[in-house]
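Reader: I get lost when I look at a whole protein at once. Could you pick one part of this one and take me through it slowly, along with whatever it packs against?

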Amino acid sequence: VPLVQAHASFLRDHPEISVIIEGHTDERGTPEYNVALGERRAKSVGLHMQNLGVEFLDIEEGYISARIPVRKGIINPYGSVHGGALYSVADIVAGFCACTYGRYVSTSTGNMVYIAPAMDTEYIYCEARVLHKGNKVASVAVELRSDDAKLLDTATFTFCLLNREVV
């Protein structure tokens with residue numbers, strides 16, 4: 001609930017921003033099946049964001065910064081944040097960044113470079129910037145840093161721009 005309240009507070013303070021979480025499907029299923037699948041995917045992303053504790057700090061066209069708290073549930077047996085959690089937050093923030101131009105996106109590719117273990121930090125900070133936006137594809141660069149601004153990871157993602165406007 002605190003995460004939802006934080007997002008609600010941020011959105012109240014920024015009435016020009018609207019956020020819709022939804023899932024996407026393809027042409028293989030029936031319309032009814034795809035609607036239900038899209039709803040399940042949207043709920044899954046929303047729950048994953050909530051489980052990670054994603055908190056958006058700044059949102060502009062082509063740029064987003066966010067953070068996640070480091071807590072027991074995302075620590076691996078070696079005492080650092082699990083790489084899967086780092087990849088997930090990078091993908092989520094990059095996807096939202098690509099959506100800031102007003103169209104929904106779907107992740108096409110993602111590449112993560114793990115530079116240093118994410119240890120001894122209260123938060124992981126994530127910044128995403130659009131490198132290129134065409135008519136059909138956008139590429140986004142991501143950096144993840146510790147509390148003391150130490151570079152932990154970099155990532156690049158490519159997104160397909162869908163023919164649906166963010167409302």
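Author: Let's start with what counts as paired: two strands pair if DSSP finds at least two bridges between them. The strands themselves are DSSP runs of E with at least two residues, helices are runs of H or I with at least four, and both are numbered from the N terminus. One caution before we go in: this is a predicted model, where local features need pLDDT of at least 70 and side-chain atom pairs count only at pLDDT 80 or more, while totals for chains, interfaces and linings use all residues. Residues are numbered from 1 along each chain as its sequence is written, and side-chain values use heavy atoms, with hydrogens and water left out.

The part I'd pick is strand β6, residues 151-165. On one hand, β6 is joined to strand β3 (residues 103-114) by ten bridges, and these two strands run antiparallel. To find the spot, look for Met-112, which stands opposite Ala-155 in β6. On the other hand, nine bridges join β6 to strand β5 (residues 137-145), again antiparallel. Here Val-140 has Phe-157 in β6 as its bridge partner. β5 and β6 also make a hairpin, with five residues between them, and Ala-149 in that turn has a positive phi of about 70°.

Where does this sit in the overall layout? The protein has three helices and six strands, and along the sequence they come in the order α-α-β-β-α-β-β-β-β.

Now for what's packed inside. A residue is buried under 20% relative accessible area, exposed over 50% and partly exposed in between, using a 1.4 Å probe and protein chains only. Buried residues make up 36% of the 167 in the protein. A nonpolar core is a set of buried Ala, Val, Leu, Ile, Met, Phe, Trp, Tyr and Cys residues joined through side-chain atoms within 4.5 Å. The largest one here has 33 residues, and those touching the most other members are Val-93, Ile-124, Val-140, Val-142 and Leu-144. Our strand β6 supplies at least two residues of this core, and so do β2 (63-69), α3 (83-99), β3, β4 (123-133) and β5. The largest share, nine residues, comes from α3.

Counting a contact as heavy atoms within 4.5 Å, and leaving aside neighbours within four places in sequence, Val-93 is in contact with Phe-56, Ile-64, Ala-66, Cys-126 and Ala-128.

Last stop, the charged pairs. A salt bridge is a side-chain nitrogen of Lys or Arg within 4 Å of a carboxyl oxygen of Asp or Glu, and the count comes to three. Elsewhere, Arg-67 pairs with Glu-55, with the closest N and O atoms 3.0 Å apart. Arg-67 lies in β2 and Glu-55 in β1 (residues 55-60), so this pair ties together parts twelve residues apart in sequence. Arg-67 counts as buried at 18%, whereas Glu-55 is partly exposed at 26%.
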